[in-house]
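Okay, thanks everyone, I'll keep this short.

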Amino acid sequence: GGHAKRVARENGSRLALLRKAITGSQVAHVVGAVVVARSVSPTTIHGRKSWTFLLVINAFAWFAYNFLSNLAASGTSLTPATVGGSKAQGVGCPWWIENLQDLIFLIVGTNTFSIFSMKMGVGLLTLIPLYCAYLIGSSVVKYVFTPSKVEEEPRPDADAPKKKGGKKRQTVSKNRTR
């Protein structure tokens, strides 16, 4: 009932954000590149390899968006447990869904930065291996430095402190304000 509706609402807003980000960055790239190059000729704006690169990464962004859309339609949550209403329930998306969304946002950034220079756009994508190294490193550190859980043996009741005549319950109220 309520949980499914909340997941559907959160997924709808997340998909709308991704769709607007991809579309907006593509439009901004074309308009910005025309303004920067002062020409509408595609060959003047970017070289053939640059257009191919942009086509491939944007096609990947749309395929990833469609994949996430299909996941959302099946009821899978797309929002991390640290966002909004899901935080209270501890329900969130798997790490790979979150990383796929991050990749889409990196592609959006690449569209934006490559308005000025394709090197800047490609440079932004170099964050992917750095981010992967960070995730692997943080997992290793968490594994190495997390203490293992050692089960304690339950103490026998003989060792437990014994109650010695606690306060007795009052049978008659001594409240004189009534």
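So, a definition before anything else: a pocket here is an open set of grid points with protein on both sides within 12 Å along at least five of seven lines, and a residue counts as lining if it has an atom within 4 Å of a point. And keep in mind that this is a predicted model.

With that, which residues line the largest pocket? They are Trp95, Asn99, Leu100, Asp102, Leu103, Leu106, Ile128, Tyr131, Cys132 and Leu135. The elements giving two or more residues to that lining are α5 and α7, and α5 contributes the most, with six. By class, you've got eight nonpolar residues, one polar and one charged. As for the space inside, the largest pocket holds about 180 Å³.

Now, the two helices themselves. α5 covers residues 95–113 and α7 covers residues 127–145. Their axes come within 11 Å and cross at roughly 155°. Anything over 145 degrees counts as roughly antiparallel, so that's what we call α5 and α7 relative to each other. The crossing of α5 past α7 is right-handed.

And where do they touch? On the α5 side it's Asn99, Asp102, Leu103 and Leu106, and these meet Leu127, Ile128, Tyr131 and Leu135 of α7. The residues of that contact split into six nonpolar, one polar and one charged.

Technical notes: Residues are numbered from 1 along each chain as its sequence is written. This is a predicted model: local features need pLDDT of at least 70, side-chain atom pairs count only at pLDDT 80 or more; totals for chains, interfaces and linings use all residues. Side-chain values use heavy atoms; hydrogens and water are left out. Axes are lines fitted to C-alpha atoms, for helices over the stretch in contact, and angles run from 0 to 180 degrees between N-to-C directions. Helices (H or I, at least four residues) and strands (E, at least two) are DSSP runs, numbered from the N terminus. Angles under 35 degrees count as roughly parallel, over 145 as roughly antiparallel, 65 to 115 as roughly perpendicular and the rest as oblique. A crossing is left-handed if the near helix is turned anticlockwise from the far one by less than a right angle, and right-handed if clockwise. Contact means heavy atoms within 4.5 Å. Ala, Val, Leu, Ile, Met, Phe, Trp, Tyr, Cys and Pro count as nonpolar, Asp, Glu, Lys and Arg as charged, and the others, Gly among them, as polar. On a 1 Å grid over the protein atoms alone, a cavity is a set of points where a 1.4 Å probe fits but cannot get out, and a pocket is an open set with protein on both sides within 12 Å along at least five of seven lines; lining residues have an atom within 4 Å of a point. Grid points are joined across faces, edges and corners, and a volume is the space filled by probe spheres set on the points.
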